Amino acid sequence: IFFIISVIFYITFSSLNSNNFGDSFIEQIRIADSEETLKNYSDETLIQVGKDICNSSNNWTDEQASLNVIFNLLNENEIKVDVNNRIIPILRFQSTYELCPENISVLENLFTNAK
């Protein structure tokens, strides 16, 4: 009986402490946002923007085009940033690596094609 109770407790505790989709993305974005550009936006909003960034990767013809697409997505979501804000390339990187790793090759191609 002790063993069964221990297993149930372990499973319950483990499920409560598991990471939700986007937790790592939010954590990394909040750390990288040293200028506090995104401090007034909810985690849910930022995760949705991250998903939108992932979905826009087919429009990334080169590095600058990817930044322009992301800038436009931020504006569409009423997130006002300067076009040269360093959070834009950070969002591109973190969105790809944390939310849609299947698109890493698209991100890598931006830089290999630029050489």
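**Close-up views of the predicted model**

**View 1. Surroundings of Thr-96.** Leaving aside residues up to four places away in sequence, Thr-96 is in contact with Cys-54, Trp-60, Pro-101, Asn-103, Ile-104 and Leu-107. The model shown here and in the other views is predicted. Thr-96 is a residue of helix H5. Its relative accessible area is 1%, under the 20% limit, and Thr-96 is therefore buried. A polar atom of the Thr-96 side chain lies 2.8 Å from the backbone oxygen of Arg-92.

**View 2. Contact of helices H5 and H6.** The axes of H5 and H6 cross at roughly 145° and come within 9 Å. On the H5 side, the contact is made by Arg-92, Phe-93, Thr-96 and Tyr-97, which meet Ile-104, Leu-107, Glu-108, Leu-110 and Phe-111 of H6. By residue class, this contact of H5 with H6 comprises six nonpolar, one polar and two charged residues.

**View 3. Buried side of helix H2.** Four residues of H2 (residues 23-32) are displayed. Phe-25, Ile-26, Ile-29 and Ala-32 are buried in this helix. Because these residues cover an arc of only 135° around the axis, they lie on the same side of H2. An α-helix has 3.6 residues a turn, so residues three or four places apart point the same way. The packing partners of the buried H2 residues are helix H3 (43-55) and helix H5 (87-99).

**View 4. Helix H4 and its packing.** Helix H4 covers residues 63-76, and its end C-alpha atoms are 20 Å apart, in agreement with the 20 Å that 14 residues should span at 1.5 Å a residue. Ala-65, Ser-66, Leu-67, Val-69, Ile-70, Phe-71, Leu-73 and Leu-74 are the buried residues of H4. These buried residues pack against H3, H5 and helix H6 (104-112).

**View 5. The two ends of helix H4.** At the start of H4, the backbone nitrogen of Gln-64 has a side-chain oxygen of Asp-62 within 3.2 Å. Glu-76 belongs to helix H4. With a relative accessibility of 61%, over the 50% limit, Glu-76 counts as exposed. Between the C-alpha atoms of Glu-76 and Val-49 the separation is 9.6 Å, although the two residues are 27 residues apart along the chain. Glu-78 follows H4 and has a positive phi, near 60°.

Methods
Residues are numbered from 1 along each chain as its sequence is written. This is a predicted model: local features need pLDDT of at least 70, side-chain atom pairs count only at pLDDT 80 or more; totals for chains, interfaces and linings use all residues. Side-chain values use heavy atoms; hydrogens and water are left out. Buried means under 20% relative accessible area, exposed over 50%, partly exposed in between (1.4 Å probe, protein chains only). The arc is that of the directions from the helix axis to the C-beta atoms. Contact means heavy atoms within 4.5 Å. A polar contact is a pair of N or O atoms within 3.5 Å; within protein, one must be able to donate a hydrogen and the other to accept it, and residues adjacent in sequence count only if both atoms are side-chain atoms. The expected span of a helix is 1.5 Å times one less than its number of residues. Axes are lines fitted to C-alpha atoms, for helices over the stretch in contact, and angles run from 0 to 180 degrees between N-to-C directions. Ala, Val, Leu, Ile, Met, Phe, Trp, Tyr, Cys and Pro count as nonpolar, Asp, Glu, Lys and Arg as charged, and the others, Gly among them, as polar.
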